[in-house]
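Please look over the sequence and the model before reading on.

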Amino acid sequence: MKKIILSISVSLCSIILHAQTYTLQQLKDSALQNNIAIRTARHDIEAASQQRKEAFTKFFPNVSGTGLWFNANRGMAKMDVNPSEMISPDMGAALAQSFPAEALAALANPISISMMKNGTIGSLMALQPIFAGGQIVNGNKLAKVGEDVSRLQLHLSENEVEKTTEQYYWQLVSLQEKTKTVAAVDTLLADIEKDVKVAVKAGVALPNDLLQVQLRRNDVASQKLKLENGISIVRLLLAQFCGLSESDDLSVKIEESPSSLFTFHSSLSNLPEYQLLQKQVEATKLQKKMAIGQQLPSVAVGAGYNYHNLLDNDHTFGMIYATISVPISGWWGGSHAVKRKKIEQQKAEEQLADNAQLLQIRMQNAWNNVVEARQQLDLSQRSIEQAEENLRLNRNYYHAGTSTMSDLLEAQMLYQQALDKHTDAYADLQNKLLEYRQATGQ
């Protein structure tokens with residue numbers, strides 16, 4: 001089997017190079033660097049990283065500053081004061097000896113006092129959470145889970161980009177190989193046409209035989225045009241997908257597939273899909289803890305520095321304080337929120353168990369596809385050998401006059417089909433190998 005694959009690789013490596021030739025690994029590297037899906041996934045990782053850093057800041061004090069200046073149309077504090085009500089009889093007698101009667105009479109009239117018509121207030125406060133029901137700790141863990149999920153999503157995007165790149169790559173290889181096959185077949189038909197012309201002139205063959213060969217060559221020319229058009233389109237798709245500027249002259253070089261891949265693995269631990277399911281379970285557990293934490297009291301301590309000039313003089317002072325918040329009415333709906341999170345956690349755990357079985361089945365199916373593809377490649381190689389021998393015999397039979405031109409052309413067609421099937425079988429094996437590597441996390 002290794003000899004067969006090596007011979008095919010050597011055959012495929014004979015592709016004529018034009019401007020820029022790429023190996024499969026070079027195309028993958030370019031796609032992983034330039035494809036829009038990968039760039040988007042990397043942006044998602046950066047956004048998740050910033051969200052994790054944002055959640056970490058919740059451990060630190062919340063510092064806030066407030067400033068206020070105002071100017072009212074009248075004083076906000078206003079009162080009437082009657083001085084006579086505040087003077088005792090003894091004080092009144094003493095004042096009567098010291099002040100004139102007009103001044104004493106003025107003290108009997110009420111006095112209107114207005115304060116805080118304008119002013120400035122400023123404060124700088126720092127509040128440090130002491131206990132928040134575990135919401136800050138679990139929130140940070142949840143943000144870390146979100147970042148891990150983004151990285152796993154990038155892994156899945158890379159797998160998908162790698163798979164699509166290989167599909168385009170082997171599609172281009174297959175079309176190029178079929179073009180070479182068509183050229184070889186046309187050369188063969190040209191030789192047959194030359195022989196038939198000589199036979200017709202000699203009167204030992206019918207003109208209809210020559211017409212059949214010419215019709216067959218026209219059909220081959222039509223196939224060549226379709227293949228060239230297909231190559232052009234696949235080149236454009238491959239160049240666009242990989243972010244390459246070259247497309248018209250893009251060519252590919254074949255690398256031998258490692259034979260060490262032909263071993264069966266069934267471990268789930270390396271699969272990004274399985275790891276995503278595990279992260280989903282972890283996230284639902286944290287969300288349940290956060291829902292419980294929302295129903296618990298929260299405690300914080302703070303300190304502040306304040307300034308005001310409300311009484312027409314600058315006044316500053318510092319303070320420390322503590323707060324406790326108890327969500328009394330929140331318990332009514334909070335208990336249902338906790339139960340809902342428990343249900344979501346149970347759903348995630350059940351999905352993990354169910355999808356784990358499906359992933360195991362996918363592994364086995366991918367392995368079966370690899371085995372089948374190898375067997376198909378073996379069959380196609382034997383078909384080439386048989387079709388080649390059949391073509392040789394029919395050509396000899398035709399020259400000996402014991403076979404018809406239709407039989408010879410049918411043998412030629414079977415030979416061409418065998419070559420095309422072999423090319424398709426080799427490309428299909430490479431695609432199945434990639435699917436198996438991705439299905440087993442290799």
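In which helix is valine 145 found? Valine 145 lies in helix α6, which covers residues 135–202. The model is a predicted one.

Valine 145 has a relative accessibility of 3% and counts as buried, because buried means under 20% relative accessible area.

Apart from neighbours within four places in sequence, valine 145 touches Lys279, Glu282, Ala283 and Leu286. Between valine 145 and glutamate 282 there are 137 residues of sequence separation, yet their C-alpha atoms are 7.7 Å apart in space.

## The four-stranded sheet

Four strands make up an open sheet in the order β2-β5-β7-β8, and their pairing is antiparallel. The edges are taken by β2 (62–71) and β8 (315–325); each has a single partner strand, so one side of each has no neighbour in the sheet. On average, and ignoring direction, neighbouring strands of this sheet are turned by 20° against each other.

The pairing of β7 (residues 298–308) with β8 is antiparallel and runs over 11 bridges. Glycine 304 is placed opposite methionine 319 of β8.

## A nonpolar surface patch

On the surface, a nonpolar patch is formed by Ile130, Phe131, Ile292, Leu296 and Val301. Together these residues have about 410 Å² of accessible area.

One of them, isoleucine 292, belongs to helix α8 (residues 272–293). Its relative accessible area is 35%, so isoleucine 292 is classed as partly exposed.

Terms used
Residues are numbered from 1 along each chain as its sequence is written. This is a predicted model: local features need pLDDT of at least 70, side-chain atom pairs count only at pLDDT 80 or more; totals for chains, interfaces and linings use all residues. Side-chain values use heavy atoms; hydrogens and water are left out. Two strands pair if DSSP finds at least two bridges between them. Helices (H or I, at least four residues) and strands (E, at least two) are DSSP runs, numbered from the N terminus. Axes are lines fitted to C-alpha atoms, for helices over the stretch in contact, and angles run from 0 to 180 degrees between N-to-C directions. Buried means under 20% relative accessible area, exposed over 50%, partly exposed in between (1.4 Å probe, protein chains only). Contact means heavy atoms within 4.5 Å. Patches are made of residues with over 30% relative accessible area and no salt bridge: like charges are joined within 9 Å, nonpolar side chains (Val, Leu, Ile, Met, Phe, Trp, Tyr) within 5 Å. Accessible areas come from the Shrake-Rupley method with a 1.4 Å probe; for residues, only the protein chains shown count as cover. A salt bridge is a side-chain nitrogen of Lys or Arg within 4 Å of a carboxyl oxygen of Asp or Glu.
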